[in-house]
Amino acid sequence: MGNENKNSTAAVVVTYNRKELLLKCLNCLANQKENFCDIIIVDNSSSDGTEEAVGALPNVVENSRIIYFNTGANLGGAGGFNYGIRKGAELGYEYLWIMDDDCMARENTLAEFFNVDKKLNDDYGFLSSVVLWKDDSICAMNQQKTTFFKKYTDFDSELTEVIFATFVSLFLPVRVVLEVGLPIKEFFIWTDDWEYTRRISKKFRCYAVGKSMVTHESASNTGVSIAKDNNRLERYKYLYRNEIYLYRSEGIRGFFYEMLRLTKHITSVLLKSKGNKFLKCKIIIGSTMKGFGFKPNIEYVQRPESRKA
């Protein structure tokens, strides 16, 4: 491993017990054309041999230097991205490219970000890829939003202004991180990317980039739904608590929007759920109430005067 960073950009990849997907993701990142990135791996203390698999790789793969961090505990997606974005800023990179371990970039995904970066003269908060699923349909859980009520659908346009995006191929200048702070690690899972990108879009114009595309190799192409899910109900406590934090920051508009969402979700549970209806409604209502008292601090990061590897 060299003493200086080779690239101005680092991809931040958060992983947890998905070794094979991670290795495939790394291969996609190493095969970028025209523009290249180093790779910061944030491992939430996987137990499936991820650390050993990464350790068997050369320190430099193609044009990418691999930097591995084991967090020592499962910090959740939110904690992992908080950790990785902090490290990327502290290591002196100018741009960070954020993603999960099941995000598969195309050869020109990063190059298209930089094409737009040049046209915008670095005047934006974040850029976001068009996210497809494994069958090349639009990935439902990663569809950006242009307003509170409207999803991004103009995929043929080079640039579309958006206010919400996910951490599946999000590109942002570190100068933005220094100004708005880090993702909120206490979210643990769900809504952390929605909150973070909205925090950015309140200060800067942000865009979906039609020619920058990735594939999200998630297990299914359906959005999160407590009405349909009977396997991981405890995790929904984070969802409803975190969403209250997000939408209450939008004032009256956000409050009424979230109340409409909650009404829709409870109705869906009562009409469509196959079992656990009382428990699901209890989780929705109880976690929503906790959200009103949920007041985590936003952490900030200081860039060192010189790069350190």
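Helices, which are DSSP runs of H or I with at least four residues, and strands, which are runs of E with at least two, are numbered from the N terminus. The model is a predicted one, in which local features need pLDDT of at least 70 and side-chain atom pairs count only at pLDDT 80 or more, while totals for chains, interfaces and linings use all residues. Residues are numbered from 1 along each chain as its sequence is written, and side-chain values use heavy atoms, with hydrogens and water left out.

Ile285 is partly exposed at a relative accessible area of 48%, where buried means under 20%, exposed over 50% and partly exposed in between, with a 1.4 Å probe and protein chains only. Together with Ile252, Phe255, Phe256, Met289 and Phe292, Ile285 forms a nonpolar patch on the surface that has about 620 Å² of accessible area. Such patches are made of residues with over 30% relative accessible area and no salt bridge, nonpolar side chains being joined within 5 Å and like charges within 9 Å. Helix 8 (251-272) and helix 9 (277-292) each supply at least two residues of the nonpolar patch.

The axes of helix 8 and helix 9 come within 9 Å and cross at roughly 165°, the axes being lines fitted to C-alpha atoms over the stretch in contact, with angles from 0 to 180 degrees between N-to-C directions. The two helices are therefore roughly antiparallel to each other, a label given to angles over 145 degrees.

From the patch, the reader can turn to charged side chains. The structure holds 18 salt bridges, each a side-chain nitrogen of Lys or Arg within 4 Å of a carboxyl oxygen of Asp or Glu. In one of them, Glu161 pairs with Arg205, the closest N and O atoms being 2.8 Å apart. Glu161 lies in strand 8 (residues 159-161) and Arg205 in the loop between helix 6 (192-201) and strand 10 (207-216), so the pair ties together parts that are 44 residues apart in sequence. Glu161 is partly exposed at 36%, whereas Arg205 counts as exposed at 51% relative accessibility.

Another salt bridge joins Glu250 and Arg253, at 3.3 Å from N to O. Here Glu250 is buried, with a relative accessible area of 12%, while Arg253 is partly exposed at 45%. Both residues belong to a network of salt bridges that also links Arg198 and Lys202.

Methods: Areas by Shrake-Rupley, 256 points an atom, 1.4 Å probe, with all protein chains shown as cover. Parallel < 35°, antiparallel > 145°, perpendicular 65-115°, else oblique.
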